[in-house]
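Hi there,

Here is the structure I promised to pass on. Have a look at it first, and then read my notes below.

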Amino acid sequence: VYVKRGIVAADPRTLPIGSVIEVEAGRYSGIYTVLDTGSAVKGHIIDIYMPSYEEAIEFGRQCVKVRVLRLGWHSDPSDTFSYGIAG
């Protein structure tokens, strides 16, 4: 898929492709779907799409609250975890 708002990259061993999460991250708070992975995205780290390089640099790397609404394509809600964001 092409990257766009509402998509995050995550470690598939932690958040499998198709997972739906709720992120508390200031103006980037909202519901996201895991549709990407990345070589630097390991463990409890997610990478949120941001429309510009400048926004990503301004946001930086932060700890945010993530609630798993669906783990993978076919599962029930899970627990709440703390994740870091690579902006």
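This is a predicted model: local features need pLDDT of at least 70, side-chain atom pairs count only at pLDDT 80 or more; totals for chains, interfaces and linings use all residues.

Residues are numbered from 1 along each chain as its sequence is written, and side-chain values use heavy atoms, leaving out hydrogens and water.

Let's start with Asp 11, which sits in the loop between strand 1 and strand 2 (20–24). Its relative accessibility is 4%, so Asp 11 counts as buried (under 20% relative accessible area, with a 1.4 Å probe and protein chains only). A polar atom of its side chain lies 2.8 Å from the backbone nitrogen of Gly 43. Beyond its neighbours within four places in sequence, Asp 11 is in contact (heavy atoms within 4.5 Å) with Val 41, Lys 42, Gly 43 and Ile 45.

Next, the aromatic rings. There is 1 aromatic pair (ring centres of Phe, Tyr or the six-membered ring of Trp within 6.5 Å). Tyr 28 and Phe 59 form it, 5.1 Å centre to centre with 85° between the planes, which is edge-to-face (over 60 degrees). Tyr 28 lies in the loop between strand 2 and strand 3 (30–36) and Phe 59 in helix 1 (residues 53–59), so the pair ties together parts 31 residues apart in sequence. Helices (H or I, at least four residues) and strands (E, at least two) are DSSP runs, numbered from the N terminus. Both Tyr 28 and Phe 59 are buried.

Best wishes

Terms used: Buried means under 20% relative accessible area, exposed over 50%, partly exposed in between (1.4 Å probe, protein chains only). A polar contact is a pair of N or O atoms within 3.5 Å; within protein, one must be able to donate a hydrogen and the other to accept it, and residues adjacent in sequence count only if both atoms are side-chain atoms. Rings of Phe, Tyr and Trp (its six-membered ring) pair if their centres lie within 6.5 Å; planes under 30 degrees apart count as stacked, over 60 as edge-to-face and the rest as tilted.
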